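Please read the points with the model on screen.

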Amino acid sequence: MAANSRLTIATHALAWLALAQRRGQEVLTSDQIAASVNTNPVIIRRSLGDLRRAGLVEVRHGAGAGWSLAREPEEITLLEVYDAVGAQPLFGLHRTEPNLECPVGRGIRPALSGVYGRVEQVMRQELAGTSIADVLRETLVS
């Protein structure tokens, strides 16, 4: 099972934009961001498009083209980033209906739905309490 890295890529891009802003560089190109993430610029542009639609970044066209933060890094939470990239729930239930004749098959979905819902709630609270500025600060310590 492969992990979804969309949140990580978007957060990396935002932290890099925040650092550039701190250093006085107003915009970064998708190529510059892709070099930091070590991925294809197309993936970065797709991610930045999601972030733009959520109001987290802005794009400038023409001379001096590139991407910049739409708000201060302290004002952008990881929950907003998570929601912007359309991250999937952490855990999924069976793709097909389990055997309802089986006592476990009959009760597994309700039992796990409650647990998964609580885990998702805790995760969302943690993401809401962490800003891009927090991530950048921790990144620069490493």
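**Notes on the model**

1. Start with a loop. Asn 38 lies in the loop between α2 and α3. The model is a predicted one, and phi of Asn 38 is near 65° in it. That is a positive value in a residue other than glycine. Is Asn 38 buried or exposed? Asn 38 counts as exposed, because its relative accessibility is 70% and the cut-off for exposed is over 50%.

2. Next, look at helix α1 against helix α3. Their axes come within 10 Å. The two axes cross at roughly 80°, so α1 is roughly perpendicular to α3. From α1, the contact is made by Arg 6, Ile 9, Ala 10, Ala 13, Leu 14 and Leu 17. From α3, Ile 43, Ile 44, Ser 47, Leu 48, Asp 50 and Leu 51 take part. By class, this contact of α1 with α3 has nine nonpolar, one polar and two charged residues.

3. Helix α1 has another packing partner to inspect. Helix α1 spans residues 6–22, and helix α6 spans residues 132–141. These two pack at an angle of about 80°, with axes 9 Å apart. That angle makes α1 roughly perpendicular to α6. On the α1 side, the contact uses Thr 11, Leu 14, Ala 15, Ala 18, Leu 19 and Arg 22. On the α6 side, Ile 132, Val 135, Leu 136 and Leu 140 contribute. The residues of the contact of α1 with α6 divide into eight nonpolar, one polar and one charged. Note Leu 14: it is listed in the contact with α6, and also in the contact with α3.

4. Now the charges. How many salt bridges does the structure hold? The count is seven.

5. Asp 50 is in helix α3. With a relative accessible area of 14%, Asp 50 is buried, because buried means under 20%. Its salt-bridge partner here is Arg 53, and the closest N and O atoms are 2.7 Å apart. Both residues lie in helix α3, three residues apart, which is about one turn of the helix. Arg 53, at 58% relative accessibility, counts as exposed. Arg 6 joins in too: Arg 6, Asp 50 and Arg 53 are linked in a network of salt bridges. Not counting residues up to four places away in sequence, Asp 50 touches Arg 6, Ala 84 and Val 85.

6. Which residue forms a salt bridge with Arg 60? The partner is Glu 26, with the closest N and O atoms 3.1 Å apart. Arg 60 lies in strand β1, and Glu 26 in the loop between α1 and α2 (30–37), so the pair ties together parts that are 34 residues apart in sequence. Arg 60 is partly exposed, with a relative accessible area of 36%. Glu 26 is exposed, at 58%.

7. Glu 80 and Arg 71 form a further pair. Their side chains meet in a salt bridge of 2.7 Å, N to O. Glu 80 is partly exposed, with a relative accessible area of 28%. Arg 71 is partly exposed as well, at 25%.

8. Leu 56 is in contact with both residues of that pair. Leu 56 is found in the loop between α3 (41–53) and β1 (57–60). At 0% relative accessibility, Leu 56 counts as buried. Leaving aside neighbours within four places in sequence, its contacts are Leu 14, Leu 51, Leu 69, Ala 70, Arg 71, Ile 76, Glu 80, Val 81 and Ala 84. For scale, take Gly 105. Leu 56 and Gly 105 are 49 residues apart in sequence and 43 Å apart in space, C-alpha to C-alpha.

9. Finish with Glu 120. Glu 120 sits in helix α5 (residues 103–128). Glu 120 is buried yet has no salt bridge. Where is the nearest side chain of opposite charge? That is Arg 124, 4.5 Å away, while a salt bridge needs the two atoms within 4 Å. Not counting residues up to four places away in sequence, Glu 120 touches Tyr 82, Pro 89 and Leu 90.

Conventions
Residues numbered from 1 in each chain as written. Heavy atoms only, no water. Helix = DSSP H or I, 4+ residues; strand = E, 2+ residues; numbered from the N terminus. Buried < 20%, exposed > 50% of the residue type's maximum accessible area, 1.4 Å probe, protein only. Lys, Arg positive; Asp, Glu negative; His and termini not counted. Contact = heavy atoms within 4.5 Å. Axes fitted to C-alpha atoms, helices over the stretch in contact; angles between N-to-C directions. Parallel < 35°, antiparallel > 145°, perpendicular 65-115°, else oblique. Nonpolar A, V, L, I, M, F, W, Y, C, P; charged D, E, K, R; others polar.
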